Amino acid sequence: MPEINRRSFIGGGIALSGLGLLAACGKSGASSGALVKPTDAIVDAVEKERAGTGKVRKFTLRAAETEFDLGGRTVRTWGYGDELPGKELRLTAGDTIEATLENRLPEESSVHWHGLAMRNDMDGVPHVTQDPVKAGKDFTYRFIVDTPGTHWFHPHTGTQIDRGLYAPIIVDDPREPLSYDEEWTVMLDDWLDGVDGTPDDVLEEVRGGMDHGAHGMGDGGGPMRMGSMLMGATSDLLGGDAGDVFYPMHLINGRPGNDPRTFKAEPGARVRIRLVNAGGDTAYRVALGGHRMTVTHTDGHPVEHREVDAVLLGMGERYDVLVTLDDGVFPLVALAEGKDETALAVVRTGSGRAPGEKVRPDELDGEVVHSTELTADPSVRLEKRKPEVRHEVELTGSMAAYDWAINGRRFDHGKPTEGAFKVEQGQRVRVVFTNSTEMWHPMHLHGHTFQVGSKGPRKDTLIVLPGETVEVDFDADNPGRWLVHCHNIYHGEVGMMGLVAYTS
Ligand code: C2O
Ligand code: CU
């Protein structure tokens, strides 16, 4: 079995050999070259350089119409199998995943592996990296998984992600440096499907814009609902407007607050909690009553440990935290930022009454960490290097017109390469996100993790606040065509998406 080391998992070894291959093609240096296609030989060549053990792990993902019980209410929706979230996939870095999507949905679909840097043709973006998987058809994803950490998967078609089609994929590090007694994966989700129409109905409604003359606040100064839309949902942590969509339920691992999940452990147990925000339009502030938490990872990548009361997760983001549990019963609460609603799970190490459905632990108002305040662990920090290319990614648009875009251009799935941000294999790339809108956006890059600033965390999804400019760097070591987009599903769908494309 080949030797595996942590650096090779994060792509350290790939850039150079890839460069060699490109030079062999005789076109290195010319940014006027054609764009690399997902089916090009270079994609296969880079895959062969990945540190794999050769061990193949097979899974089947059956996407179909189904019913879930949400706290006594039966909803009709779409899911992966009979569980919400879908069953957790668990692998070890170096494994080859072989996952067959059986699409039994009434429309086309695909699977995107959020957070994994895999070969481009397995990234699961219809019309960009593969043909859509038609209703009734199957498609097998096969690639080396070399990114340890807390990740997840979901479709990349329309608003499907805002149904029940999501699940965690956890990749164990064969040299895991942390020690703990238990671990829990906690998926947060805002839910409306089958309760208040469908996500497609919501998209129809928001597309029309939100300038219906009913701005402002509800009675108590709180958010006010108009159809599926939400007015006046504001959050200081998010720099103003928090979200556009009203959700009747907020779930932790598929359960609403009146029927919460319970995590059991011994008092004194050290637990690694893997938090994932699978929401469509909701940031969550998460705290465990009576405890402080130590942040160890964000988006699967280790950070210098930091003790906090609460963490804030935009859609698509992940945080791993360590907690040492007290004796008793404690609420794990996710506050829907700006929306004045919560999701609940119960942590039990002793006897006592379960917390009430609406409980809000004080820790929610304690010290909250923003990802930009964290520092990358030295094992994953990018080597210091001057960027060879710099791309300005301006976030544009407004709530009133609902014309969310990048650099004023609304992404066209029919012409995905138009306006692409070009990079070359081997380059250090700087991306400058500038948010010129009045709303925050969780910006996600496929196929890579960037570093925030010169020593900030390695991430694939980053909250960019209104008026803010954030610089991030990544190494172009994974040739192909990769989306960069807002992970607010409705913003992304109306056009806040772009493409990072390698030239050959
Ligand atoms: Cu969670 Cu484009 O992805
Ligand atoms: Cu957005």
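Along the chain, the donors of the copper ion (ligand 2) follow the spacing H-x44-C-x4-H. This is a predicted model. The protein donors are His441 (ND1), Cys486 (SG) and His491 (ND1), and they lie 2.0 to 2.2 Å from the copper ion (ligand 2). Two of these residues have the following accessibility.

| Residue | Relative accessible area | State |
|---|---|---|
| Cys486 | 1% | buried |
| His491 | 0% | buried |

Buried means under 20% relative accessible area, so Cys486 at 1% falls in that class. His491 at 0% does too.

Next, helix 4. This helix spans residues 199–207, and Pro199, Val202, Leu203 and Val206 are buried in it. Seen down the axis of helix 4, these buried residues fall within an arc of 100 degrees, so they line one face of the helix. An α-helix has 3.6 residues a turn, so residues three or four places apart point the same way. The buried residues of helix 4 pack against strand 11 (229–231) and helix 5 (489–494). After helix 4 comes Gly209, with a positive phi near 90 degrees.

Then the nonpolar cores. The largest has 101 residues, and Ile97 and Trp113 have the most contacts inside it. Strand 1 (residues 56–70) gives the most to this core: five residues. Leaving aside residues up to four places away in sequence, Ile97 touches Trp113 and others, among them Arg57, Phe59, Leu89, Leu91, Tyr141, Phe143 and Ile169. A second, separate core has 32 residues, including Ile273, Val286, Val321 and Ala334.

Terms used
Residues numbered from 1 in each chain as written. Chains lettered and ligands numbered in written order. Predicted model: local features only at pLDDT ≥ 70, side-chain atom pairs only at ≥ 80, totals over all residues. Heavy atoms only, no water. Buried < 20%, exposed > 50% of the residue type's maximum accessible area, 1.4 Å probe, protein only. Helix = DSSP H or I, 4+ residues; strand = E, 2+ residues; numbered from the N terminus. Arc of directions from axis to C-beta. Contact = heavy atoms within 4.5 Å. Donors = N, O, S within 2.8 Å, 3.2 Å for Na, K, Ca; no water. Core = buried A, V, L, I, M, F, W, Y, C linked by side-chain atoms within 4.5 Å.
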